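Trainee: Can we go through this model together? I'd like to start with a helix and then move to the rings.

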Amino acid sequence: MLASKLRRGFALLLLLFFVYSPCCVSQSTPPTVTTPASSARPSPWSASPQPQTQRLKVRLAGYPRKHNEGRVELFHQGEWGTICDDDFSITNANVLCRQLGFVAATAWTHSAKYGKGQGKIWLDNVICSGGEKSIDLCKSRGWGNSDCTHDEDAGVVCKDERIPGFVDANVIEAHVDEDKLEEVRLRPVLAAAKKKLPITEGVVEVKHKDGWAQVCDVGWTVKNTRVICGMLGFPHERKVNKNFYRQTAKAKANAKSKQSSPGQRLFLQRQKNVFHIHSVACTGTEVHLAACPLEFNRPNSTSSCEGGSPAVVSCMPGPLFMQSSGLKKKPKTSSNVRLKGGARLGEGRVEVLKGNEWGTVCDDRWSLQSASVVCRELGFGSAKEAMTGARMGQGMGPIYMNEVKCVGNERSIWSCPFKNITSEDCQHTEDAAVRCNIPYMGLENSIRLTGGRTRYEGRVEVLGKDANGTEGWGLICGETWTTKEAIVACRQLGLGYANQGVQETWYWDSSNVTDMVMSGVKCTGGEMSLTQCQHHKTVSCQKAAAKFAAGVICSETTSDLVLNASLVQQTVYIEDRPLHMLYCAAEEDCLSKSAAKANWPYGHRRLLRFSSQIHNIGRADFKPKAGRHSWVWHACHGHYHSMDIFTHYDLLNANGTKVAEGHKASFCLEDTDCQEGVSKRYECANFGDQGITVGCWDLYRHDIDCQWIDITDVKPGNYIMQVVINPNFEVAESDFTNNAMKCNCKYDGHRIWFHNCHIGDAFSEEAERRFEKYPGQLNNQIS
C-alpha cells in the first residue's frame with residue numbers, strides 16, 4: 001500500500017508539472033498520424049489509440065460476478081490483459097460500461113476483487129474525462145507501461161440497463177489458445193461424400209502453417225470425437241469403421257508404390273500424412289478442440305504417430321441438416337426448449353417449457369457448457385457463444401430458471417442443477433441467449449447483393465440458370481417480394497435481420513446481370529435459403545426489367561412488438577355509446593358496416609372495449625415505414641397517422657370466421673412509458689417523431705376513440721378474440737410469431753368475459769389445441 005501511495009504522490013507531482021508546462025501536455029485524443037510502435041516509445045499520460053480499422057475489444061471476467069460486473073480485460077496485440085486500479089475512477093468505469101453496452105456504471109472495484117487476471121497489465125494510471133467513446137482514448141501511461149501487479153486489477157459494476165440497439169454485448173466466449181490451433185475440418189475420403197454438404201465424416205485436419213495437418217489417433221476417445229462434432233455444428237457422434245479407412249490407406253499406398261516416374265514420386269511425398277498433434281485428451285464438455293489438453297509434435301521427431309493413423313471422425317447431423325441419410329430412425333429435437341428473436345439459424349433467446357407455458361432463463365452464472373446443452377438439445381453443435389443481458393431481446397412471460405450449472409454432457413437443460421426464480425432475483429433484462437455452431441452448408445455462395453451503398457443492402461442476385469440453361473448470377477422478380485422473403489435472403493447472406501424487402505431497385509447501381517431467374521417467391525420466413533421457398537417452376541414476371549428486381553436492406557438489430565395479454569383481460573367491458581358521440585370514429589372507419597344504415601344521430605352502438613399496451617422488446621426502435629411527408633392528418637382526433645394498418649381487432653367464431661372487426665386502420669405511435677433507466681424518444685404531439693423505443697410501450701387506453709370492436713350485430717355465444725399487431729409485416733421485426741394475442745370470449749348478450757388471454761406463441765402446442773376447443777365453442781352457444 002505504501003508503494004501505491006508513493007506512486008500516486010509521484011503521479012500528482014507529474015500532473016502538476018504538466019499543468020504548468022503547456023508545451024509538454026499530450027493530446028487526449030489520438031493524432032491523425034500515428035508513429036509505428038517500433039520506432040517510438042509511448043509517452044506517459046498519452047491516449048493509447050488502437051488502429052482505426054479495429055475497435056478495442058473489452059470484456060468482463062473473474063468470479064464471483066454477474067453479467068454486468070467483473071474484472072476489466074482488454075484485447076490488444078492478440079492478447080487479453082487487465083487495467084491497474086491506480087487513479088481509477090467512476091468516470092473511467094462509465095466509459096467502460098458504455099463500451100460494453102450498458103447505460104452507465106454504478107461502482108468500480110480495486111485490489112482484484114474479482115480475482116487476479118493473467119498476462120499483461122495493459123493500462124495504468126488511466127484518467128478519462130467522461131466523454132470518450134473507448135477507454136483507449138483516455139489518458140494513461142501507454143500500452144503495457146505499468147508498475148502494478150495483478151493484485152491491483154480494476155473491475156467495474158455497470159447499471160443493469162442496456163443501451164437500446166447496442167449490437168455487441170458481454171458475450172461469454174471460449175478461452176482457448178488460438179495461437180496453437182486455428183481452423184479444424186473433416187476431409188472426406190469417399191468421392192461421393194466430397195460432393196455433399198454438410199460433410200459429416202472424414203479425416204480430422206487442423207490448419208498448420210500454409211496447409212493442413214493430421215491428428216494421431218493413438219489413445220483417441222469418443223470424448224474427443226464429441227468435441228470435434230460439436231464445434232463443427234453436429235449434436236452427436238457416430239461410430240467409424242476404422243478398418244475401412246486402414247484398408248483404403250493400404251490400397252492407395254500399394255497403388256502409388258507401382259508408379260515410378262519422378263513427378264509422381266514427388267506427388268506421393270506431398271500426399272504423406274503430416275501429424276501436427278500427437279495426442280488429444282478432451283473431457284467431452286469442451287466447446288473447442290483448442291480448449292482440450294493437446295500434445296503437439298516436436299519438429300525434429302522421427303516418428304510422429306507410431307502404431308497409429310490419422311484420426312477419423314463421424315458425426316450425426318441434426319434434423320434440419322439431414323438430407324437423404326438413409327437412417328430408419330431420425331433424431332428428434334426437444335419440444336421443451338426453443339430459441340427466439342435471433343436473426344441467424346441456431347441463435348436466439350433461450351426459452352423453456354414448464355407446464356404449458358413458455359418462459360425464459362436468467363443469465364446469472366450462464367456459461368458455455370449450459371449453452372452447449374441447449375444447442376445440442378435443439379439439433380445444433382456446441383455453443384459458439386453464451387450471451388447475457390437480453391442480447392437477443394427480452395421475453396415477456398415467466399422466468400423459470402436461475403443460476404443454471406450444466407456440466408456440458410446433459411441431454412436437456414432441465415437435467416442441469418438450477419435455482420427457481422423469486423421476484424427479486426431477475427428481470428427480463430437478464431434473459432440468457434446462445435449462438436450455436438451449425439454445419440457449413442455453403443448457402444451464402446449462391447446469393448449476393450449488388451448496387452447498394454453498404455454491404456447490408458442491394459439488389460438480390462442468385463445463382464441460377466438463364467433462358468439458355470447456362471448457370472450464372474440472375475435477378476428475382478420483385479412482384480411478390482415482401483419482408484418475409486427479405487428475412488430469408490438476409491439470413492442466407494449472413495447479414496442479420498431484414499429491415500425491408502424492396503420491390504423496385506431503380507435507385508441502386510445496376511450490374512451487368514439482367515436476366516430474371518426466379519419469380520413468385522413466397523417464404524414463411526423460417527427457411528434457410530430462398531431455394532427452400534415456394535417459387536414458379538418457370539419464370540413469369542410482368543415487370544421483367546432490372547429496376548423492378550427484388551432487393552433487401554438488412555440490419556444487425558431490429559424491433560420486436562408484443563401485446564400485454566393480461567392487461568387486455570383485466571380491462572375488457574361493454575359500452576353502449578350514443579351515435580351522436582361517434583361521428584369522429586365513423587369518419588375513421590372504426591365502426592362496423594351496419595353503422596352506415598343507422599338513424600344518425602339517434603340510437604347507439606354496442607362496443608367491446610379494452611386497453612392495448614404494446615411493448616418493444618427488441619433491440620432497435622420500431623419506426624413507421626412511411627416517411628413523415630406521407631403521414632395523414634386526422635383533424636377529428638388531432639394527430640397524424642403514420643401507418644395505414646397497424647393492428648387488427650377481430651372476433652372469431654368456432655370455425656375461424658370473423659363475426660366482428662375493429663377496423664383499427666391507422667395509428668399514432670409514441671412512447672407512453674418506459675422501463676426504469678430508458679428515456680422516451682417519440683411523441684405524436686406537435687408533428688413529433690413517431691415510433692416505440694426499445695424498452696418502452698405505447699398504451700391505448702380502453703376509453704379512447706376506436707379502441708374497441710363494434711359488436712352491435714353479434715349474437716350471444718362463445719368466441720375467440722384476436723388482436724394482431726403489424727399484420728401485413730409492413731415494418732421489420734425479429735419475431736412475427738408473437739404479434740398475435742388470443743382470448744377465449746363468453747358473451748351472454750349483456751355482459752362479456754375474457755379468459756386464457758395469451759400471446760400466440762406463449763403456450764405449448766397441446767395447450768393451444770385445448771384453447772381452440774373451448775367448451776361451447778363448437779356449437780357457439782352459452783355453456
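Mentor: After H2 comes Gly-101, with a positive phi near 95°. Helices (H or I, at least four residues) and strands (E, at least two) are DSSP runs, numbered from the N terminus. This is a predicted model, where local features need pLDDT of at least 70, side-chain atom pairs count only at pLDDT 80 or more, and totals for chains, interfaces and linings use all residues. Residues are numbered from 1 along each chain as its sequence is written, and side-chain values use heavy atoms, leaving out hydrogens and water.

Trainee: Which residues of H2 are buried?

Mentor: In H2 (residues 90-99), they are Asn-92, Ala-93, Val-95, Leu-96, Cys-97 and Gln-99. Buried means under 20% relative accessible area, exposed over 50%, partly exposed in between (1.4 Å probe, protein chains only).

Trainee: Switching to rings. How many aromatic pairs are there?

Mentor: The whole structure has 12 aromatic pairs. Rings of Phe, Tyr and Trp (its six-membered ring) pair if their centres lie within 6.5 Å; planes under 30 degrees apart count as stacked, over 60 as edge-to-face and the rest as tilted. One of them is Trp-122 with Trp-143, edge-to-face at 5.9 Å centre to centre and 80° between the planes.

Trainee: Where do those two sit in the chain?

Mentor: Trp-122 is in strand S6 (residues 121-123) and Trp-143 in the loop between strand S7 (139-140) and S8, 21 residues apart.

Trainee: Are Trp-122 and Trp-143 buried or exposed?

Mentor: Trp-122 is buried at 3% relative accessible area, and Trp-143 is buried at 15%.
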